[in-house]
Amino acid sequence: MTPTTTLYVLNLAVLLAVALVGVYGVLAKKNIIKKIIALTILGDTVNTIAIYLGYRVKNNPLPPILPYLHPTQQEISVFASRAVDPIPQALVITAIVINLAVTAFLLFLAVKIYQHYGTLDYRRILEKMRR
Amino acid sequence: MALSKALLSLVLMLVVAALLSTVAYGVIGWKQVMGSIRGLGEFILYHTYNIYDKTWWAGSPEAVTSIIWDYRGVDTVFETIVLYAAITGCLVLWSSLGGYWRKKGGRLTLVVRTATKILFAIILITSFNIALHGYITPGGGFAGGATFAVAPLLLLAAYGIDYLRRRGYRINRSKLIRSVALLLLALIVFIPFWMNGYLLENQAKPYAGFPGYPVYLGPLYIGGSLIYLNVFEFLVVAMEFVIVFIVFTIIWVGEKK
């Protein structure tokens with residue numbers, strides 16, 4: 001394994017670990033706001049993993065933007081053979097915006113719950129609901 | 001009880017880890033990760049600004065923007081709809097909370113207020129730049145809109161929470177700009193359809209009658225329909241984020257019942 005490959009695999013492992021932290025937070029935290037924070041951590045980590053999968057470890061990769069307005073045929077071929085995958089990046093920018101919209105909506109629901117029950121601890125909310 | 005819950009969490013975490021690894025492997029395969037990318041990505045990279053073979057080109061050297069608004073434009077249209085629905089839901093919930101502006105909250109010192117004035121202008125210019133250059137440099141409507149939305153937040157922090165309302169800003173104005181921008185975006189999407197092309201068509205295709213949006217405006221390179229879509233998306237995203245950020249800042253939960 002070259003140093004670049006080692007770093008790539010190591011980074012991927014770290015990202016998976018962070019995603020697990022997000023899953024743990026969503027499952028185990030009692031406070032709704034902490035659950036939402038964990039959810040954003042999970043979402044952002046998965047987005048990073050998605051971008052990461054489009055990377056080229058070999059071939060000295062380029063960004064997916066052609067830096068010329070009048071490229072030669074050879075420059076286009078070199079660009080296509082060395083640039084990183086643009087598709088995950090395009091999908092992730094969509095996912096980021098949707099993530100933000102969903103988070104905003106969840107936060108509004110949390111505010112509404114707080115207004116109604118006076119607490120954000122879901123155990124106490126359940127208690128109050130049963131009464 | 002607590003132990004079984006912890007065990008359940010652990011098992012679920014491991015399942016998610018296995019799932020993510022499988023998806024990661026299935027999407028690209030470890031052998032491919034090391035050297036090449038998938039064929040579709042390479043196809044787009046090769047054709048997005050291929051001025052010698054214009055059959056599949058998008059007229060933009062920025063591969064990501066050409067995917068967002070050309071190759072996979074329908075994704076982005078639906079994403080805009082999701083964003084619109086979510087923000088509308090937020091506003092409905094806000095109005096059910098009373099929908100009023102919080103009056104309390106002082107303003108910050110003269111130093112901070114002066115710095116905010118300068119930063120406000122810089123943030124606006126940067127966001128316009130990101131949005132207008134989205135078809136040749138990294139960025140675009142989303143990045144520009146998200147940058148823009150920070151500016152009013154700074155004003156609220158520095159000048160007091162009631163400042164924008166005292167200066168005549170109303171949330172309905174943001175909603176109006178958002179709706180007009182959405183209509184213009186829809187117009188750009190539908191124009192090729194009315195001219196015997198297909199929805200969201202950018203450049204001319206051999207099987208569609210639409211001649212394609214102009215790539216050059218005189219000597220100026222404008223990148224087909226991407227610039228219009230980026231600008232309108234910038235307006236939509238900026239106004240929706242402004243609404244959310246302001247409403248969150250001014251929200252006032254009221255007394256407990």
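**Labels and their cut-offs**

Author: Chain B has 11 helices and 2 strands. Along the sequence they come in the pattern α-α-α-α-α-α-α-α-α-α-β-β-α. The model is a predicted one, where local features need pLDDT of at least 70, side-chain atom pairs count only at pLDDT 80 or more, and totals for chains, interfaces and linings use all residues. Residues are numbered from 1 along each chain as its sequence is written, while chains are lettered from A and ligands numbered from 1 in the order in which they are written.

Reader: What is the mean pLDDT of chain A?

Author: The mean is 88, and 99% of the residues of chain A reach 70 or more. The term pLDDT stands for the predictor's confidence in each residue, from 0 to 100.

Reader: Why is Ile76(A) called buried?

Author: Ile76(A) has 22, so it is buried. This residue is in helix H3 of chain A. Leaving aside neighbours within four places in sequence, Ile76(A) is in contact with Pro71(A), Tyr46(B) and Asn50(B). A contact means that the C-beta atoms of two residues, placed from the backbone, lie within 7 Å.

Reader: Are Asn196(B) and Leu200(B) buried or exposed?

Author: Asn196(B) has 11 C-beta neighbours inside 10 Å and so counts as exposed. Leu200(B) has 20, which means that it counts as buried. Asn196(B) is in the loop between helix H10 (171-194) and strand E1 of chain B, and Leu200(B) lies in the loop between H10 and E1 too. Phi is near 65° in Asn196(B), a positive value in a residue other than glycine. Leu200(B) is not a glycine either, and its phi is positive at about 65°. Of the 257 residues in chain B, buried ones make up 36%.

Reader: How many residues of chain A are in contact with chain B?

Author: 45 residues of chain A are in contact with 52 residues of chain B. On the side of chain A that touches chain B, H4(A) gives the most, with 17 residues. That side divides into 33 nonpolar, 8 polar and 4 charged residues. Here Ala, Val, Leu, Ile, Met, Phe, Trp, Tyr, Cys and Pro count as nonpolar, Asp, Glu, Lys and Arg as charged, and the others, Gly among them, as polar.

Reader: Why are H4(A) and H5(B) called roughly parallel?

Author: Their axes cross at roughly 15° and come within 9 Å. Angles under 35 degrees count as roughly parallel, over 145 as roughly antiparallel, 65 to 115 as roughly perpendicular and the rest as oblique. H4(A) is therefore roughly parallel to H5(B). Axes are lines fitted to C-alpha atoms, for helices over the stretch in contact, and angles run from 0 to 180 degrees between N-to-C directions.

Reader: What makes H8(B) and H11(B) roughly parallel to each other?

Author: H8(B) and H11(B) pack at an angle of about 20°, with their axes 9 Å apart. The angle is under 35 degrees, so the two helices are roughly parallel to each other. In H8(B), Pro152(B), Leu153(B) and Leu156(B) meet Val242(B), Phe245(B), Ile246(B) and Thr249(B) in H11(B). By class, this contact has 6 nonpolar, 1 polar and no charged residues.

How values were computed:
Helix = DSSP H or I, 4+ residues; strand = E, 2+ residues; numbered from the N terminus. Buried ≥ 20, exposed ≤ 12 C-beta atoms within 10 Å, placed from the backbone.
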